[in-house]
Amino acid sequence: GWWVNLASRADRRRWVEASCATALRELGVEVRLVDACSPEDVRISGEGGGGGDGSSAWRPFAGWALGAAQLERLCDAWEAMGMPRPADAELRTYHGRAVSAREVACAASHRRAWEGGLATGHDYVLFLEDDASVAGASGEVPSAADNRRGWARAWGTLQRQASLLAARGVAWDLLYLGRHRLACDSAAEGEALVVPGFSSCAHAYALSRRGMRRLLELPLQSAAMPVDELLPALYAPHPRADVAAWAREALRGTDPFAAFAARDDLVHQLESLSDDGKGNWPGLPSWAQLARSDIRPDLPPPTQPPPDRHRRRAPEPSSLPAAFAPNWPAG
């Protein structure tokens, strides 16, 4: 199998192996690992170094850094689209500076995973970032049993819904198993899926073969942007006029992506569950300690166990889609 892992983040690899990959393999899922790109691996136009893989240069999205007046108009556009008005500081954090080298490397890593997924020949593939978790919204540290149940539910839902869509003759490109909702969803057939409104986060999503092929046809390498911004721009209006225009041109007059999402999030982003927004629970101040928690009873416990309030209250693999667990640059 393939596993995406940066040499500098062995702690995250341990977390994914213990919390996700083992549970998926027990379900008969083929877990493949893909080498993630670090900023040093990607040759970015206008910068020295990088490009260790010998590939052509990546160019960040031109004009990504917005000025004060542009940020104010973006806030207005956000509200006009029915989304909560973002805080000025938050908007400046993501749109008031140029696309970072880490974000370019993340886009290159996702693209590498899409290439690998398409090469498997499967009808659809599940893509997971290394901070994906089936821990409950309470942020409790999951046990091994919690992980088995959570991933069985997530994977089973994906299989059932993909089969139902195929039986109804519904072509699709993207299916979120977890996301950050920003705009209102629309109803879809059945009770398990919705048509997503503008959403962010790319920690747990599936792509059909058509979706992978369409993504790989995009000129992303000449206008690299955060994947969190790319995916929703392909199926929903983007509040940034320049990104929306890029998406229309990139799709070359074809239909927007056919996107669906689990009605209830089945996979969460670890950072969104933690108390400090960085994937750390009290008493578990590092990824390394998190990977040594009770999800792996054969490993020694953390030196400072988390408080009680944070503790937890087979088909043939060759016939199944692969699950990629990318391990992206920190930060």
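## Basis of the values

Residues are numbered from 1 along each chain as its sequence is written, and side-chain values use heavy atoms, with hydrogens and water left out. Because the model is predicted, local features need pLDDT of at least 70 and side-chain atom pairs count only at pLDDT 80 or more, whereas totals for chains, interfaces and linings use all residues.

## Crossing of α4 and α6

The axes of helix α4 (residues 101–120) and helix α6 (residues 209–216) come within 9 Å and cross at roughly 135°, and α4 and α6 are therefore oblique to each other (angles under 35 degrees count as roughly parallel, over 145 as roughly antiparallel, 65 to 115 as roughly perpendicular and the rest as oblique). On the side of α4 the contact (heavy atoms within 4.5 Å) is made by R111, W114, E115, G117 and L118, and on the side of α6 by R209, M212, R213, L215 and L216.

## Aromatic pairs

The structure holds five aromatic pairs (ring centres within 6.5 Å; planes under 30 degrees apart count as stacked, over 60 as edge-to-face and the rest as tilted). One of them joins W78 and F198, whose ring centres lie 6.0 Å apart with planes at 75°, so the pair is edge-to-face. W78 lies in helix α2 (residues 68–80) and F198 in the loop between β7 (193–195) and β8 (199–200), so the pair ties together parts that are 120 residues apart in sequence.

W78 is buried at 8% relative accessibility (buried means under 20% relative accessible area, exposed over 50%, partly exposed in between, with a 1.4 Å probe and protein chains only), and F198 is buried at 3%. The rings of F127 and Y205 have centres 5.5 Å apart and planes at 20°, so this pair is stacked.

Definitions and conventions
Axes are lines fitted to C-alpha atoms, for helices over the stretch in contact, and angles run from 0 to 180 degrees between N-to-C directions. Helices (H or I, at least four residues) and strands (E, at least two) are DSSP runs, numbered from the N terminus.
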